[in-house]
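Have the chain open in your viewer. The walk below goes from domains to core to strands.

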Amino acid sequence: MDVYFYNTLTRAKDKFEPLSPTEVKMYTCGPTVYRYVHIGNLRTWLMADLVRRVLEFNGYTVTQIMNITDVGHMAEDDSLTVTPGEDKVLSAAAAEKKTPAEIAAFYTADFLESLAAMNIQPAQRYPKATEHIPQMLALIEELERKGLAYEKQGAVFYDVSEFPAYGRLSGHAPEDLRAGINRVEIDETKNDPNDFLLWRTAGEHRTVKWDSKWGPGFPGWHIECSAMAMHYLGPQLDIHTGGEDLVFPHHENEIAQSEGATGKPFVRLWMHGAHLLAEGRKMSRSVGNVLRLKDLQAEGIHPLAFRLLCLGIDYRGHMNVTWDSLRAAQGSLERLRRYAVDWSADTRLTDVSHEPALAAYRRKFHALINDDLRFPQVMPLVWDMAKSDLPPAAKAGLLLGWDRVLGLGLGEMVAAPVEALVPIERALLDERAAARAAKDWATADRLRDQLAGLGIAVTDGKDGQTWSRK
Ligand SMILES: [Zn+2]
């Protein structure tokens, strides 16, 4: 079944066609590690997780890279503790009387713990900016060689006028952009207000700096993502994700840097998640409505209840989180957990007469998730299935199978019997039997591999498939 995602670049729902038929290269903008992550940040990373789970459900292998920005991200005015115009990590280090490395390590741990609590699958790698300075310098030098970058007083700027496609992602022409230039950069000595910093000059007092042919300095935030994405995934990626606030200038600049250097299209599919509002207002420290998972947990809300709440809202629409909605999601999560346990207690085999109804549910679920993550329509399907007259074992199979994508940890609620199948295994076997009946051999093979990964060997015989534990 084809997969469709909304592409910020084409402004349309595009059929997903990766560069390689089976392997997907995905880059997700990670955190700047100078403060705790809040649930708005987590909603964006959840979107990336859902993209990846949907692709894996469809049989793709996904290599996902998420950066850790531990230098070079300059503050605007989004924090109470960090001075505008200064490096966020260094400012936080000064405020907390710690070293920049200590600050970065502390908040990286918080970030990774938060992802795990939300059942967001870990990326294969979390490269740190400070460990990839040579790759960034090489990229900047390449841009300079190609006439796309120029040096002024030890700083290096990208010459936007030399990159005609600039503005294509965000939909702004350079002329329009001049009006809305980030005031932090306004004093810089650049040729054009649209030009942006690739390499910054380190001031006398700055301790975190590196040597370069332009003198001691440190990288701009945008070059970090271009350099690390291409270092780990190559010059061309299938998917790049981030929050909607990153479309401009961060992702626009990534395109200019990467395509300017390689001459190849950088990313096929750009996906952006919309912001989260708390009680109707954008989450910010100055408003004082920033919520962390810990704040939710203190009120008896499980992180996965927040995940469930997010699943009910279109990822491209703004989500307003309220305590009432969180409490309702907590109730729904508890209900799903009870279902998973109760239904799994039914060990009878599913009667073949239920197969058409099961197949219809599987088809609907698959069609919804493949249509640009229509999880808001998936949740009603789950409740509808729960109310149906399917036998409990069949419901358990569906629910646990779907939870591979929903990621609500429902399978963990169910104790694994030694001699029998756990629900996820039964779900995969049921699904494989259905695929064989439909002569969908590719799906049947993929499910056999997945079962093998769980330690279940499947043999096909005259009377259907049999299994044994390896
Ligand atoms: Zn980035």
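What follows takes the chain part by part.

This is a predicted model: local features need pLDDT of at least 70, side-chain atom pairs count only at pLDDT 80 or more, and totals for chains, interfaces and linings use all residues. Residues are numbered from 1 along each chain as its sequence is written.

Start with the domains. The protein chain divides into domain 1 (4–273) and domain 2 (334–469); these bounds come from an automatic or database domain assignment. Their centres, taken over C-alpha atoms, are 39 Å apart. In domain 1, 13 residues are in contact with eleven residues of domain 2. Contact means that the C-beta atoms of two residues, placed from the backbone, lie within 7 Å. On the domain 1 side, helix 1 supplies the largest share, six residues. That side divides into seven nonpolar, three polar and three charged residues. Here Ala, Val, Leu, Ile, Met, Phe, Trp, Tyr, Cys and Pro count as nonpolar, Asp, Glu, Lys and Arg as charged, and the others, Gly among them, as polar. Helices (H or I, at least four residues) and strands (E, at least two) are DSSP runs, numbered from the N terminus.

Now the core. A nonpolar core is a set of buried Ala, Val, Leu, Ile, Met, Phe, Trp, Tyr and Cys residues joined through C-beta atoms within 7 Å. A residue is buried if 20 or more other C-beta atoms lie within 10 Å of its own, with C-beta atoms placed from the backbone. The largest such core has 132 residues, and Val51, Ile140 and Leu198 touch the most other members. Helix 1 (residues 39–57) gives the most to this core, with eleven residues. Domain 1 and domain 2 both give residues to the core, so it lies between them. Not counting residues up to four places away in sequence, isoleucine 140 touches Ala149, Val156, Leu198, Trp199 and Ile223.

Turn to strand 9 (residues 237–243). Six of its seven residues are buried, so the strand is largely enclosed by the rest of the structure. Strand 9 pairs in the parallel sense with strand 3 (residues 23–28) over three bridges; pairing requires at least two DSSP bridges between two strands. Methionine 26 has isoleucine 239 as its bridge partner. Six bridges join strand 9 to strand 10 (residues 267–273), again parallel. Glycine 243 stands opposite glycine 273 there.

Three strands form it in the order 12-11-13, with mixed pairing. Strand 12 (281–282) and strand 13 (319–321) are the edges, each pairing on one side only.

Definitions and conventions
A residue is buried if 20 or more other C-beta atoms lie within 10 Å of its own, exposed if 12 or fewer, and partly exposed in between; C-beta atoms are placed from the backbone.
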